[in-house]
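These are my notes from a first look at this structure.

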Amino acid sequence: MVETDSGYRVFQDRIALLDGMQLRFLYDVGRCQIADTNSLFAYFESIEAFEQLIALDLVTLRPHRVPGPGEKKVIQWKGILFYAIQASVFRPEVTEKGIHLLQEVKKSDSFSACMEDMDQKIAEKLVYLRIEHD
C-alpha cells in the first residue's frame, strides 16, 4: 500500500487493485458498518468503482430482506431472479479474498492514515450533499 499524488493505492503483484475509497468501503463492509447499498455514493462518484470490487471478487452482493410492495420489478443478477428495485434490498459482504487482502493491507504503515483521510472525504461529501439538498 502506497500513497501517491492522487491518493492511496493498494498494489498486489505489481497490479493496482484498489484506491483509498475502495479500501475504506471494503473495510467498512468487513466491520458490518454498511447495512445496504444505499450508501454507495457516499464512497464513490460512480457505480464503476463498486462494480470493480465485485469483479475482483473482493465483495459480493446478497439480498437481505424481502422487497416491499413498491419494489416489484424483476431483476436478474448472476443468474438469480429477484423482485427488487430498491438498493436497500441488497447488502454487500466481503469475500474470503477480500478478507485476506484487508489483513495484508492492515500491516501497512499508511493504513491508518488512509482510513482517516477517506473518512474525512466521506464526511465532506455528506456535508456537501446535505447543504446542496437543503
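I took helices (H or I, at least four residues) and strands (E, at least two) as DSSP runs, numbered from the N terminus. The model I examined is predicted.

Entry 1, layout. I counted five helices and seven strands in the chain. Reading from the N terminus on, I noted the order β-β-β-α-α-α-β-β-β-β-α-α. I then looked up the contacts between residues at least 6 apart in sequence, and 62% of them join residues at least 24 apart.

The chain has 134 residues, and I found 40% of them buried.

Which residues touch the most other members of the largest nonpolar core? I found L18, L23, F25 and F44, within a core of 33 residues. Helix α1 (residues 20-30) gives this core its largest share, six residues. I recorded the general background that nonpolar side chains tend to be buried together in soluble globular proteins. I next listed the contacts of L18, leaving out residues up to four places away in sequence; among them are Y8, V10, L23, L53 and L101. R9 is also on the list for L18.

I located a nonpolar patch on the surface formed by L126, Y128 and L129, which together have about 300 Å² of accessible area. I placed L129 in helix α5 (residues 111-133).

Definitions and conventions: Residues numbered from 1 in each chain as written. Predicted model: local features only at pLDDT ≥ 70, side-chain atom pairs only at ≥ 80, totals over all residues. Heavy atoms only, no water. Patch = residues over 30% accessible without salt bridge, like charges linked within 9 Å, V, L, I, M, F, W, Y side chains within 5 Å. Areas by Shrake-Rupley, 256 points an atom, 1.4 Å probe, with all protein chains shown as cover. Salt bridge = Lys/Arg side-chain N within 4 Å of Asp/Glu carboxyl O. Core = buried A, V, L, I, M, F, W, Y, C linked by side-chain atoms within 4.5 Å. Buried < 20%, exposed > 50% of the residue type's maximum accessible area, 1.4 Å probe, protein only. Contact = heavy atoms within 4.5 Å.
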